[in-house]
Amino acid sequence: MLNLKKTTVAALAFASTTVLAGTMGPVCTAGDVTVPCAHAGWGFGIQALYLKPSYSGARSFLGLYSTNGLAETHRMDVDLESRWGFKLETSYQFNTGNDLNLNWYHLGSKTTRFNALELPDMSLSFVGVQQVSIEPKWDALNLEFGQHIDFGGLKNIRLHAGVQLVNIKTTIGAGGSAERRISDESPDFVTYAYRGTDVAKYTGFGPRVGADMSYDLGHGLSIYGNGAAAILAGSSKLTRTYSETSGILPSINPALSTAKATVVAPELEAKLGINYTFMLAQGNLTLDAGYMLVNYFDVQLSDKFARPGDNNFNVRGPYAGLKWVGSVV
């Protein structure tokens, strides 16, 4: 009888152990984190950009008119057209996933013209209609040192650090004809023509870091998301000119028409895209397309007093291009 009880207890213990073992489910295995094998090669790439520039703060409104002989801005919404640009890059791959990359973004200047609203000034009995033009220009040069890391067979990331040199220039013109009462007591008006120009320019340099993350879909196809950030220190300058043909109002004092300030500006950029890589006998050719957004914070002055403000500059839009990477024999 005692032996029967011992046998029963042993059988139950074995059964319970088996049941508990069956409830554990599959065991996850950590993926390998590796770097590519040692490789040396050159890469060359070109992209076509179709970007729309825009501003925030005072630069998102345009217009120029005279009050007591001083040129001031008039608030009016600005919607700039997209324009073509390009990105050129060259890179050198070496060691186990390292690279040195030099790339240049250029957004071509294109003038947008439109008529401004009427600009009444009741205190001066001033009424006029303006023709306004704006011409932005953007150049950014990046030097990056990168490290490629593989997370398993499908996911990889390229971490990079380096420097950026940027130049942002905005030329704004406004002019036309207007009528102004000769004096507050006089009923007579005089007609005159006027023209004003603002040239705002920022040149900055500083460190930049980022990460390029991609996921392989197979058969050479990948999707990716890239991000980068920079802190730039540089000079922001505003030059303003204003003239009238009537000579009724005095010209602007040149000493008051130029402002200059040292500006430390952060920059953020992001990309989402897809690419396809062809395996060639002399290297790899990658076709690339996506959407990008770049924003510079508080980089341009908007008045002659060089007061800080929310004068951001950004570009956004689609791009497409190709890159070839070959090995060094």
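This is a predicted model: local features need pLDDT of at least 70, side-chain atom pairs count only at pLDDT 80 or more; totals for chains, interfaces and linings use all residues.

Residues are numbered from 1 along each chain as its sequence is written, and side-chain values use heavy atoms, with hydrogens and water left out.

**Exercise 1. Describe the surroundings of D139.**

Step 1: D139 is found in strand β8, residues 126-151. Strands here are DSSP runs of E with at least two residues, numbered from the N terminus, while helices are runs of H or I with at least four.

Step 2: Look for an opposite charge. D139 is buried but has no salt bridge, and the nearest side chain of opposite charge, K137, is 4.7 Å away. Buried means under 20% relative accessible area, exposed means over 50%, and partly exposed is in between (1.4 Å probe, protein chains only). A salt bridge needs a side-chain nitrogen of Lys or Arg within 4 Å of a carboxyl oxygen of Asp or Glu. For charge, Lys and Arg count as positive and Asp and Glu as negative; His and the chain ends are not counted.

Step 3: Look for polar partners. The D139 side chain makes a polar contact of 3.1 Å with the side chain of W104, and another of 2.6 Å joins it to the side chain of H106. A polar contact is a pair of N or O atoms within 3.5 Å; within protein, one must be able to donate a hydrogen and the other to accept it, and residues adjacent in sequence count only if both atoms are side-chain atoms.

Step 4: Widen the view. Leaving out residues up to four places away in sequence, D139 touches W104, Y105, H106, L165, V166 and N167. Contact means heavy atoms within 4.5 Å.

**Exercise 2. Find the residues with the most contacts inside the largest nonpolar core.**

Step 1: Start with the core itself. It has 25 residues, and W138, V166, Y296 and F313 have the most contacts inside it. A nonpolar core is a set of buried Ala, Val, Leu, Ile, Met, Phe, Trp, Tyr and Cys residues joined through side-chain atoms within 4.5 Å.

Step 2: See which strands contribute. Elements giving two or more residues to this core include β2 (41-55), β6 (98-107), β8 and β9 (155-181).

Step 3: Zoom in on V166. Beyond its neighbours within four places in sequence, V166 is in contact with W138, D139, A140, Y202, T203, G204, L232 and Y296.

Step 4: A second, separate core of five residues includes L238, A259, A261 and L301.

**Exercise 3. Trace how β13 pairs with β12 and with β14.**

Step 1: Take β12 and β13. They pair in the antiparallel sense over 14 bridges and form a hairpin with two residues between them. Across this pairing, L268 stands opposite N295 in β13. Two strands pair if DSSP finds at least two bridges between them.

Step 2: Continue to β14. β13 and β14 run antiparallel, joined by 13 bridges, and L285 stands opposite W324 in β14.

**Exercise 4. Compare phi at N95 and at H219.**

Step 1: Recall the background. Most residues other than glycine have a negative phi.

Step 2: Examine N95. Its phi is near 55°, a positive value, and N95 lies in the loop between β5 (83-94) and β6. N95 is partly exposed, at 47% relative accessibility.

Step 3: Examine H219. Its phi is near 60°, also positive, and H219 lies in the loop between β10 (189-218) and β11. H219 is exposed, with a relative accessible area of 77%.

**Exercise 5. Which residues are linked in a network of salt bridges?**

Step 1: Begin with the total. The structure holds seven salt bridges.

Step 2: Take D99 and R158. Their closest N and O atoms are 2.9 Å apart, and the pair links β6 to β9 across 59 residues. D99 is buried at 8% relative accessible area, and R158 is buried at 14%.

Step 3: Turn to E144 and R208. Their salt bridge is 2.7 Å, N to O, with E144 in β8 and R208 in β10, 64 residues apart. Both E144 and R208 are buried.

Step 4: D99, E144, R158, R208, D212 and E269 are linked in it.
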